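Here is my note on the structure, point by point. Please keep the sequence and the 3D view open while reading.

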Amino acid sequence: MSLRHHFGTFLIAAACTVASLSASAHAILIDSTPKLNDTVSAGHVDMVFTYNSKIDQHRSRIVLVKEDKSETVLTIAANNTKPNELDTHADLTPGTYTIRWQALALDGHITRGDVPFTVTP
C-alpha cells in the first residue's frame with residue numbers, strides 16, 4: 001500500500017471518531033419525573049429531567065403547555081451538584097399537560113423533546 005492510501009484510511013478513521021464523539025455529547029433525556037404519559041396528583045409537582053451529559057442549566061428551557069395550548073416558562077433551579085439535570089416545579093390542577101424541554105449540552109448542541117402527562121385530583 002502506498003503512503004497516500006494509508007493517509008486516506010487514517011483521515012476516514014479520524015473523521016468517524018470525531019463524528020461519534022460529537023454525537024455522544026448531545027444531551028439525551030434518560031429519565032424524567034413525571035415520566036412520559038405518567039399520571040400525577042394535583043398540587044405541587046417537582047419535575048426532574050436527567051440527561052446523559054452535562055447541561056448548561058442557565059441556557060436551557062422548560063415550558064409547561066396546558067390543555068388550552070397556553071404556555072408557561074418554568075424556572076430551572078440551577079444545581080452545581082447535579083450538572084446532568086434540569087429541575088423545576090409547578091402547582092398543577094387536574095388536566096393534561098406537556099413539558100416541552102430544550103437542553104443545551106456543554107458541547108453547544110441543543111436537543112428538544114416533549115413529555116406529556118396527566119394530573120388527577
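1. **A term to begin with.** A salt bridge here is a side-chain nitrogen of Lys or Arg within 4 Å of a carboxyl oxygen of Asp or Glu. By that rule, Asp114 forms a salt bridge with Arg100, with the closest N and O atoms 3.0 Å apart.

2. **What kind of model this is.** The model is predicted; local features need pLDDT of at least 70, side-chain atom pairs count only at pLDDT 80 or more, and totals for chains, interfaces and linings use all residues. Residues are numbered from 1 along each chain as its sequence is written, and side-chain values use heavy atoms, with hydrogens and water left out.

3. **Confidence.** pLDDT is the predictor's confidence in each residue, from 0 to 100. The protein has a mean pLDDT of 87, and 79% of its residues reach 70 or more. Residues 10-23 stay under 50. For that stretch the model has one contact (heavy atoms within 4.5 Å) beyond four places in sequence. Where pLDDT is low, the predicted coordinates should not be read in detail.

4. **Layout.** Helices (H or I, at least four residues) and strands (E, at least two) are DSSP runs, numbered from the N terminus. The protein has one helix and eight strands. Their order from the N terminus is α-β-β-β-β-β-β-β-β. Take the contacts between residues at least 6 apart in sequence: 64% of them join residues at least 24 apart.

5. Accessible areas come from the Shrake-Rupley method with a 1.4 Å probe; for residues, only the protein chains shown count as cover. The protein exposes about 7600 Å², and carbon and sulfur atoms supply 58% of this. Buried means under 20% relative accessible area, exposed over 50%, partly exposed in between (1.4 Å probe, protein chains only). Of the 121 residues, 32% are buried.

6. **The core.** A nonpolar core is a set of buried Ala, Val, Leu, Ile, Met, Phe, Trp, Tyr and Cys residues joined through side-chain atoms within 4.5 Å. The largest one has 22 residues, and Leu92 and Ile99 touch the most other members. In soluble globular proteins, nonpolar side chains tend to be buried together.

7. **Ile99 up close.** Which residues does Ile99 touch, not counting residues up to four places away in sequence? Among them are Met47, Phe49, Ile62, Leu74, Val115 and Phe117. Asp114 is also one of these neighbours.

8. **Aromatic pairs.** Rings of Phe, Tyr and Trp (its six-membered ring) pair if their centres lie within 6.5 Å; planes under 30 degrees apart count as stacked, over 60 as edge-to-face and the rest as tilted. The count comes to two pairs. Tyr51 and Trp101 are edge-to-face, at 5.2 Å centre to centre and 70° between the planes. Tyr51 lies in strand S3 and Trp101 in strand S7, so this pair ties together parts 50 residues apart in sequence. Tyr51 is buried at 1% relative accessibility, and Trp101 is buried at 7%. The rings of Tyr97 and Phe117 have centres 5.8 Å apart and planes at 20°, so that pair is stacked. Tyr97 in strand S7 and Phe117 in strand S8 are 20 residues apart. Both Tyr97 and Phe117 are buried.

9. **Salt bridges.** The whole structure has four. One joins Lys35 and Asp31 at 2.6 Å, N to O. Lys35 is partly exposed at 43% relative accessible area, as is Asp31 at 37%. Another joins Glu71 and Arg100 at 3.6 Å. Glu71 sits in strand S5 (residues 71-74) and Arg100 in strand S7, 29 residues apart. Return now to the bridge between Asp114 and Arg100. Asp114 is in strand S8, 14 residues from Arg100. Shared partners join Glu71, Arg100 and Asp114 into one network. Arg100 is partly exposed at 37%, and Asp114 is partly exposed at 38%.
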